[in-house]
Amino acid sequence: MLSFAAWSAAEGGHAGAAGEPSGFLGVLAQGAWLIPVVPLLAVGLIVLFGKRLPLKGWELAEGALVFVGLYGAALLIGNWVDPFAFERHVEIARIGVLPGGHDLVLEWGWVVDGLSTMMYFVVGVVGSFVFTYAKGYMKGDVRFTWFFAAFSLFAGGMLVLVSSPNTIQLIVGWELVGVASYLLIGHWWEDHANNAAAIKAFLVNKVADVGLFIGVIISGLVVGSFRFTDLLDAVEAGDSALADVGVWVGLALFIGAMGKSAQWPFHVWLPDAMAGPTPVSSLMHAATMVTAGVYLLGRMFPFYQAEGFGAGLKPLILVIGALTLFLGGLLALVQDDIKKVLAYSTVSQLGYMTAAMGAGAYTAGLFHLFTHAFFKGLLFLAAGSVIHAVHSNNMSDMGGLRKAMPKTYWTFLIGSLALAGIVPLAGFWSKDEILASLAYDGQHGGGGLATFVLVLALAGAFVTAFYMARTVNLTFFGKYKGQAHLHESPRVMTYPLIGLAALAAVGGLVNMPGWFTAFTSWLAARAHPIVEHHASGLNWGLAALGTLAALAGIAAGTALFGRDRATQRERDRFRIPVLYPLLEHKYYLDDLYDYGLVRPIRGPLARAANWSNNVIIDGAVNAFGVVARRLASLVYGGFDQRGIDLGINAAAAAAGEAGGALRRVQTGKVQQYAAALFLGAVALVVGFLIFT
Amino acid sequence: MTINQFLILGSLLFSLGVYGVLVRRNAVAVLLSIELMLAAVNINLVAFGSLLGDTLRTGHIFALFVITVAAAEVGIGLAIVILIFRNRASANVDELDLMKW
Amino acid sequence: MSFGDWIGQSENIVFLVIGVVMLVAGFWVVTSRNLVHAVLMLVLALAGSAALFLMLGAEFVAWTVVLVYIGAVVVLFLFGLMITRAPLRRDPVSLDHARRWPAMLVAGAVFATLAYATTAFYGWKEGAAVTPSPTGDLGDLLFNRFVIPFEAVSFVLLAALIGGIVLARKDPRE
């Protein structure tokens with residue numbers, strides 16, 4: 001029961017970084033509920049009318065995303081000029097009363113603060129580019145209109161997620177993107193492998209979501225409210241009830257984040273998700289959906305900073321992040337499928353973001369999320385352009401595409417250099433900031449662990465540059481090994497590439513420590529201020545180390561893979577001796593899951609469930625059915641057939657017999673008719689005489 | 001003369017005519033019986049016209065009309081009988097039973 | 001009045017004689033096995049009715065009966081007999097139906113009803129004095145008071161005329 005009377009505004013009622021926006025900005029902030037609603041509306045419209053529109057529904061999807069992008073940009077600029085943190089809630093239902101006297105309330109709302117605005121901007125801008133690209137990539141697809149409906153659903157769900165002021169709504173958005181991911185990975189469901197990949201993504205996410213649910217439930221019940229502000233207020237106030245369960249809540253929420261953000265060991269779904277169309281891989285599995293976990297950590301950051309609550313989990317977060325970062329990167333080294341390279345690269349970069357969060361570096365982690373959206377989104381789109389031309393995902397079918405597809409080549413190169421962290425492209429700045437914060441944490445509380453992670457991060461930078469150089473060489477240099485006719489992609493696909501490349505080039509310049517840190521101030525506009533260290537200037541040592549690692553990686557990659565070898569496997573096996581089989585089998589992790597988890601469930605457990613269902617449950621249902629049938633036949637045979645039908649049939653037979661008898665009167669002989677006539681007349685007269 | 005004597009005579013002739021209509025098999029004979037019936041009707045009518053002190057002589061006038069109509073009816077009736085005879089080569093009314101069930 | 005008084009009047013004797021003749025003739029009309037005899041008996045019956053009409057003072061009606069009925073209608077019957085090849089002498093096949101009693105019953109019922117219905121209203125007393133109806137008066141009445149039925153009947157005649165021709169002519173298609 002939506003009661004608009006139950007408006008409640010949660011201000012930044014703390015002496016903090018932000019206040020209520022006023023004037024035009026206030027209008028924008030109050031209208032920000034449109035941001036998730038417009039794409040969701042587009043879904044409905046596309047489903048209903050899409051096929052009849054001239055561009056088959058694409059215009060609705062793109063329009064929605066452009067709207068979001070412009071709105072997000074406006075909010076971002078507004079936030080920069082006049083920082084604010086803003087929330088609105090609309091009560092939907094009251095679902096119970098807690099012992100403490102709190103009412104449990106179900107609400108819908110929207111947040112407009114630095115973090116959310118940044119996400120709106122990313123989703124809107126990158127989404128607009130990707131949707132434009134997808135118009136060309138999915139041209140002629142059998143389910144073009146539905147694709148954009150599902151894609152808009154994803155956009156809407158993601159925006160619900162990042163605009164939610166309470167954990168319940170966060171879960172709604174979380175699940176929406178999960179569903180959209182399932183739909184889109186399995187977009188070409190005619191191939192069963194795609195279905196399997198979609199299910200794998202969904203199930204792995206679902207397993208991790210158990211953590212999310214537990215965390216939300218416990219925190220909600222203990223605090224008495226599902227709102228983030230109330231939760232973080234309790235943290236700030238040092239609420240003892242929450243502190244008792246703080247570790248469990250933090251752990252549970254982190255597990256949820258691990259699933260969505262593909263942290264080790266939940267990362268296994270992401271490479272398989274590459275079965276979906278490339279625009280999907282770009283937007284969902286690189287730029288936005290997978291960052292939902294990082295976003296959650298960011299939203300709950302004060303929780304994870306506060307001693308006694310989530311702070312004890314920071315080492316765990318660090319370790320997981322580091323593992324993901326390094327192991328994911330290694331796996332990217334041995335892939336033949338270009339999208340899988342980028343998938344593992346995404347896993348690795350997500351590890352960077354998580355590690356940064358674990359090191360207490362709020363801005364660094366989110367800045368990397370920001371820049372990563374641009375260059376990884378770009379890389380996927382460019383890879384898609386290559387795949388579109390070559391009709392194969394495998395790099396063994398590529399080579400020498402530099403001349404035939406110049407725009408793709410240059411944009412891919414820019415993206416790769418950004419990813420590798422070459423100054424002045426975006427990745428340099430964000431990666432450097434992570435390294436700096438790891439170093440800082442190592443000296444201030446994180447201890448040896450943080451320093452070790454720093455070393456791993458540097459090694460990871462090397463590996464990143466290495467595999468990207470490998471990829472660039474195998475794809476764009478050497479001799480072309482395939483048979484397809486090569487051509488550059490159409491403008492509808494290359495223009496977004498150029499746009500994203502521009503963003504990847506200059507996107508990092510918004511947060512240059514010591515010179516121009518607009519991004520930091522954007523993010524700082526929150527109801528609960530973040531306590532973290534901000535570097536006063538560039539850490540030249542680390543910057544140099546990072547750049548060195550990247551250059552070394554590029555050099556190694558070019559040296560080893562610059563010249564053609566007969567087969568790609570030969571090249572790899574020759575170069576990466578011991579590790580290759582381990583890497584080839586993805587550390588046997590998928591096999592572990594398969595034999596340890598999937599098969600026991602599929603086999604005995606499933607069979608037992610099937611038996612119980614067939615014999616017990618179906619048996620009961622069937623028994624009802626049999627009884628009903630017997631009863632029905634009894635009624636039909638005994639009552640209806642013999643009783644009622646007999647009566648009716650007898651009446652009909654009587655009518656027939658009477659008719660049969662009476663018809664003999666019609667002899668056709670006129671004299672008999674005349675006789676009847678006279679007799680009738682006589683009878684009439686007699687009657688007349690008698691009765692008068 | 002009483003009127004009743006004429007009425008009884010008329011009834012007798014009429015019932016003779018009815019008998020003839022019902023019993024004869026030849027179509028012309030049936031028409032003949034019908035003429036007998038009409039003659040009986042005429043007797044009744046003229047008796048009424050004369051013996052009831054009717055200055056308008058309605059009965060006589062009506063009798064004239066009856067005669068006229070009877071003549072017309074015989075003409076048509078015989079024409080029909082001739083037509084039937086042409087189609088079936090027989091004037092037997094028993095054979096005219098197409099309206100039989 | 002009683003039967004003796006009634007038979008005492010000479011007109012009634014004449015009436016009785018003519019009546020018996022008509023009845024016998026009528027009986028022969030409906031039972032004769034020779035169709036031509038039946039037609040001739042009809043002539044007799046009609047002639048008897050004409051005589052009765054004369055007795056009743058309806059001279060014009062009487063002579064109209066003789067002219068139209070006997071003169072034209074009966075002749076028509078004879079023609080009809082000839083054209084339909086009716087057997088002109090005693091018919092070997094019976095002219096009547098096999099079972100006659102239903103017809104007798106019906107005729108009997110009709111007679112009883114009719115006789116009772118018509119005579120119950122009137123007594124056996126002397127009727128009004130019979131005055132002859134002059135033809136001129138009849139003509140007067142016919143064209144003044146009864147002109148509408150007169151016209152209607154003339155239509156009937158017209159219809160019969162046309163109908164007779166149409167029905168009995170040879171099929172124009174042949």
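How many residues of chain A are in contact with chain C, and how many of chain C with chain A? Good morning, colleagues. The model I am presenting is a predicted one. In it, seven residues of chain A are in contact with seven residues of chain C. On the side of chain A that touches chain C, the residues divide into seven nonpolar, no polar and no charged.

Let me turn to chains B and C. Here 61 residues from chain B and 73 residues from chain C take part in the contact. Three helices of chain B, namely H1, H2 (27-51) and H3 (58-88), each supply at least two residues of the side that touches chain C. The helix that gives the most to that side is H3(B), with 20 residues. By class, this side of chain B has 42 nonpolar, 15 polar and four charged residues.

Which residues meet in the contact of H1(B) with H5(C)? From H1(B), the residues include Asn4(B), Leu7(B), Ser11(B), Phe14(B), Val18(B) and Leu22(B). From H5(C), they include Ala103(C), Val106(C), Gly108(C), Phe111(C), Leu114(C) and Thr118(C). By class, the contact of H1(B) with H5(C) has 16 nonpolar, six polar and no charged residues.

Thank you for your attention.

Key: Residues numbered from 1 in each chain as written. Chains lettered and ligands numbered in written order. Predicted model: local features only at pLDDT ≥ 70, side-chain atom pairs only at ≥ 80, totals over all residues. Contact = placed C-beta atoms within 7 Å. Helix = DSSP H or I, 4+ residues; strand = E, 2+ residues; numbered from the N terminus. Nonpolar A, V, L, I, M, F, W, Y, C, P; charged D, E, K, R; others polar.
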